[in-house]
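Let's take a walk through this structure together, one chain at a time.

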Amino acid sequence: MNIKLLVLFFSLMLSVIACSSENECFVADAVTQVKKINIKGGEYFIYLRIAGFNKKESFYELYGSEPKFDLCGKSDTLAISDTHIDSTEGIVEQLVVDDLKLTVVYTKNGTQDTDYKNIPIKIK
Amino acid sequence: MLALKNHIKEKSTKKKPIALIKTSDPDFLQSSYSLSLKQGKRSASRQGCILGDGALLVEQSNQALKNTDHRFHLHVKTTKGGDNLYMSFWSVESVYDFESFAKNNITNIPLAKDFILKMPDGLAHYLTIIGVAKDFTYTAVWYEAWK
């Protein structure tokens, strides 16, 4: 890759970012819907949130209605429950929804081959 | 900090060393003070929590803090004086770096309504590989006298 082009690209990007009036958070969380689930006749929505600038952290969030997210990834409604994915605990094996509370089940075996968006969900 | 202070007080009472305590110390991680900071006891998004390796995850509602450094270990060097006064030197040391392309992390930078610039973190990492940029360590320190 041409180094001069790369440095020019970064400089241009920083200029654009600095001039943007829309940007109040500098870095936006990436939020994607994982699944729409049904519990006792009610619809609930599970989202995956990836947050951070140079180091990323991931969270699952449970909403009681389909949320809308602003430019920074902030939702218009509060999550009923959220849980952080702690990679130091092991490999994410399953996401459990129990009494509208999210819990991540880890295993110490293997590698994280499954994307966090495709983790099996168990509803108790 | 409060949990670490309680841990230090307990160790001091039991005549155990308190010169250097870290959030990653196994005896702190197994203590009741650390357990109260675990996920499940607290909301990771609104209050932050302690992770399995002793790193502290900051509350995610604080946009500025989480985008600066949202995961770090806290260290404290303490001496105990008279009248049960403790002098603590708190510190956080982190490395500022980006993950490689292999991690496939993307940073979303909002520029305008419905216009988000998606930058692969691997690009910033690549700059360090070709010598245009460098990773660096940074430290925050503060003192506190407490009882």
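This is a predicted model: local features need pLDDT of at least 70, side-chain atom pairs count only at pLDDT 80 or more; totals for chains, interfaces and linings use all residues.

Chain A has a mean pLDDT of 85, with 81% of its residues at 70 or more.

Four strands form an open sheet in the order S1-S2-S3-S4, and their pairing is antiparallel. Strand S1 (30–39) and strand S4 of chain A are the edge strands; each has a single partner strand, so one side of each is left without a neighbour in the sheet. On average, neighbouring strands of this sheet are turned by 20° against each other, direction ignored.

S3(A) and S4(A) run antiparallel and are joined by five bridges. Here A:Leu62 stands opposite A:Ser81, a residue of S4(A).

Now bring chain B into view. How many residues of chain A are in contact with chain B? There are 30 of them, and they meet 32 residues of chain B. On the side of chain A that touches chain B, the elements giving two or more residues are H1, strand S3 (57–63) and strand S4 (81–85) of chain A. H1(A) gives the most, with six residues. By residue type, the side of chain A that touches chain B divides into 16 nonpolar, seven polar and seven charged residues.

Chain B itself holds five helices and nine strands. Read from the N terminus on, its elements follow the order α-β-α-α-β-β-α-β-β-β-β-β-α-β. Its radius of gyration is 19 Å, well over the 15 Å that the globule rule gives for 147 residues, so chain B is more spread out than a compact globule. The C-alpha trace of chain B spans about 60 × 35 × 25 Å along its principal axes. Of the 147 residues in chain B, 20% are buried. Taking contacts in chain B between residues at least 6 apart in sequence, 44% join residues at least 24 apart.

Let's finish with a few loops. In chain A, A:Leu100 sits in the loop between strand S5 (91–98) and strand S6 (101–107). A:Leu100 has a positive phi of about 60° although it is not a glycine. Is A:Leu100 buried or partly exposed? With 13 other C-beta atoms within 10 Å, A:Leu100 is partly exposed.

In chain B, the loop between strand S6 (86–96) and strand S7 (106–112) contains B:Asn104. B:Asn104 is not a glycine either, yet it has a positive phi of about 60°. B:Asn104 counts as exposed because 11 other C-beta atoms lie within 10 Å, and the cut-off for exposed is 12 or fewer.

The last stop is B:Ser31, in the loop between helix H2 (26–29) and helix H3 (32–35) of chain B. B:Ser31 is partly exposed, with 17 C-beta neighbours inside 10 Å. From B:Ser31 to B:Lys41 is ten residues in sequence and 14 Å in space, C-alpha to C-alpha.

Definitions and conventions
Residues are numbered from 1 along each chain as its sequence is written. Chains are lettered from A and ligands numbered from 1 in the order in which they are written. pLDDT is the predictor's confidence in each residue, from 0 to 100. Two residues are in contact if their C-beta atoms, placed from the backbone, lie within 7 Å. Ala, Val, Leu, Ile, Met, Phe, Trp, Tyr, Cys and Pro count as nonpolar, Asp, Glu, Lys and Arg as charged, and the others, Gly among them, as polar. The radius of gyration is taken over C-alpha atoms; the globule rule is 2.2 Å times the number of residues to the power 0.38. Two strands pair if DSSP finds at least two bridges between them. Axes are lines fitted to C-alpha atoms, for helices over the stretch in contact, and angles run from 0 to 180 degrees between N-to-C directions.
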